[in-house]
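Hello,

Here is the structure I promised to pass on.

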Amino acid sequence: SRRGEGQDARAAGSCPAPLGTWAGEATVSRTHAGGPGPGPAPLAGGLSQPAGWQSLLSFTILFLAWLAGFSSRLFAVIRFESIIHEFDPWFNYRSTHHLASHGFYEFLNWFDERAWYPLGRIVGGTVYPGLMVTAGLIHWILNMLNITVHIRDVCVFLAPIFSGLTSISTFLLTRELWNQGAGLLAACFIAIVPGYISRSVAGSFDNEGIAIFALQFTYYLWVKSVKTGSVSWTICCCLSYFYMVSAWGGYVFIINLIPLHVFVLLLMQRYSKRVYIAYSTFYIVGLILSMQIPFVGFQPIRTSEHMAAAGVFALIQAYAFLQYLRDRLTKQEFQTLFFLGVSLAAGAVFLSVIYLTYTGEWHQGWKYAKIHIPIIASVSEHQPTTWVSFFFDLHILVCTFPAGLWFCIKNINDERVFVALYAISAVYFAGVMVRLMLTLTPVVCMLSAIAFSNVFEHYLGDDLKRENPPVEDSLGPNIKSIVTMLMLMLLMMFAVHCTWVTSNAYSSPSIVLASYNHDGTRNILDDFREAYYWLRQNTDEHARVMSWWDYGYQIAGMANRTTLVDNNTWNNSHIALVGKAMSSNETAAYKIMRSLDVDYVLIIFGGVIGYSGDDINKFLWMVRIAEGEHPKDIRESDYFTPQGEFRVDKAGSPTLLNCLMYKMSYYRFGEMQLDFRTPPGFDRTRNAEIGNKDIKFKHLEEAFTSEHWLVRIYKVKQLQNRETLDHKPRVTNILSKQKYLSKKVGSQGNYPTKVGSGLSGRW
Amino acid sequence: MISSFLEQYMSTTLQCLKLLDAYLLYILLTRALQLSYCLLLRTFPFNSLLSGFMSCVGSFILAVCLRIEINPQNKGDFQGISPERAFTDFLFASAILHLVVMKLVS
């Protein structure tokens, strides 16, 4: 029966070596060539059915990795409650809610008139539907089985569940690249690594949560199809690619990395028919599948980001055809010359296409976008990455991953070329933008796992029992155990660091703030939700709320009111108009607000509690964006003092002290004294006493201020029914009053007649 | 060169491969027809045009893959893929391709 197990283990394609050795590539081939005998022999005495134990162990480890990844993401839910975090997830939640209540076709054709008033937004055509459809499908299936789960809970817990699936697909991918031990290590790493947790914590219902799973799974299927050359694996890869296209805009990474891989294989003379089959099928079927998503549309054949894939497709067709011809014709020298010449020409054409698309248009367009469009530049996630972020998000993995890369390059084969290219491109992108650290994390986990696996194999394996002991290895068992202990300590510190980072840095819902007193008790600041619910319950259903674009999704999600601008930021001029309204004085702002039909204005003010993310701190960005569209009306230099400082106290510039944002933030703040040590009207965030304490409004009135003055809502007053005059009325009576009065009273006695008293009484 | 190539081709290729090659030629002719329509008349229902193109190119590629996989000269490259398995893969892939093409046509 043991022999039967051994044969089964070998026949199952990519099944790994028997339990006795965590073997690298070389020892695997040796044990396989020798038959089932020498392989399991060392542990024959201890374990019967080693293949069975191996799969049980793998299953348990993967299950524990899933559990660890799931639990590690639950800090926010346990500390606060099951709530959607941040800004973008609120829009995703609202769309999913619409999908769950109205059905799939209603969602696909949804035109949202409650966002970007008065323009509206075509949601069906401007969103990646994968996330909403996944959540909606899970909700529907669970409700069909009569497990009644609210859609909000499905949305909150979707990302942690998919993190477990990401671990499993990383395991599969690393197992294809190296061996099963490295695969298990990679699965454990990616379950808890902070770089991935930051975007997939419970409550963060965003595209990246499912996109990383789709990415890893697509790459696994691609590696599998290049290895086997079978069309069915390639079709599975295309279907997984379709899921990725529906989930995230980062699918462009896949559609550029895979052609690059094929191109480098061609250059390295590793061309084989399997690569041809895999890539041609993948390109065609993947292309037509990716055009099914309305948001993507016809982009894959029009934009420059997709041209590399088309170029490589044409190149590989030409190469394969020439290979076929070369086999047929006998004129050797002429043929090889012809072959080389044509491939060089095709390569040159392809390189020029790459050069134009990457360095010419795309990269330049990207640089332009970063510098010249302030909206893109103002998002904090688009800043370049610092060294601290690398270590913070990846800990020791960032140090061991170059070692893994070196091992891969040293023992090169087709799929390790792929992972080397993946690593290099991911490192470049992660250095450009903080947000793209997320694409670096999976490859770092895989390569570090390979490095660790190699080290452990070297130092844990028992040399005496192998049939060929390695020649250079003459270390004593003591040194081996010391090295093993050190490695284990590193891994334990990694686990502690990951948990600490998750707990402290990435688990804040940012819709509920918490502060801790010096005796440890917790103070919850629930101002945001308080204000949004006030809006929901006390305003008309069709009221329009103006605020800065950061809060648009939250207002639409929680308060259910029409907003003017939100986080989608697709219309720069509309945002500039709102920015202009916030930075002008009250009269000019009132004109803009009347033209946009605004009923309420909402701002965030952090001066009472020292919250540094409030609108006064963002004010300069509002001015810059407004100046971009209306340079004659708004000038950024007007808001600074003559010395060039941005001050809110008496020395601040008068334009700043009279603008709408300033007045709305500090209305009645001058009467408030927070502390005996500071004067009334002391702004804790800017650490200054405000300059303009006596603020009066002509066209706005205060509607609501939350408990800690974080959110302030103002109602825009209608135009007055009757304009008050600002001059005294004219006197038109020219006759003297005295003469009339004496005549009438004298003739009739005491009875005053109507005419006389009327005349004297009128004025 | 071309005549010697044709002669060698007729004598050395198997019957089943020649059948597949005839199918490939038919697809190429259809593609040429579509291209001439596009150039001469109009491209207005763009997604229908695109789906027609994709259908042609896709079927061509899948047939070429099938031909490569069942060619007995290539047995060394593809362990574990018998001709029956190759044909099943071809059917599965064609089914998916044409499903998507039908969706795109409308």
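A charge is said to sit over a ring if NZ of Lys or CZ of Arg is within 6 Å of the ring centre and within 35 degrees of the ring normal. Arg544(A) does this with its charged end, which is 4.9 Å from the centre of the Tyr117(A) ring. Arg624(A) lies over the face of Trp621(A), 4.8 Å from the ring centre.

Before you go on, please note that this is a predicted model: local features need pLDDT of at least 70, side-chain atom pairs count only at pLDDT 80 or more, and totals for chains, interfaces and linings use all residues. Residues are numbered from 1 along each chain as its sequence is written, chains are lettered from A and ligands numbered from 1 in the order in which they are written, and side-chain values use heavy atoms, leaving out hydrogens and water.

Next, the ring pairs. Rings of Phe, Tyr and Trp (its six-membered ring) pair if their centres lie within 6.5 Å; planes under 30 degrees apart count as stacked, over 60 as edge-to-face and the rest as tilted. This rule gives 44 aromatic pairs over all chains. Tyr128(A) and Phe295(A) are edge-to-face because their planes are at 70°, with the ring centres 4.9 Å apart. Tyr128(A) is buried at 17% relative accessible area, while Phe295(A) is partly exposed at 30% (buried means under 20%, exposed over 50%, partly exposed in between, with a 1.4 Å probe and protein chains only).

Ring pairs also join Trp222(A), Tyr241(A), Tyr251(A), Tyr279(A), Phe282(A), Tyr283(A) and Phe313(A) into a cluster.

Best wishes
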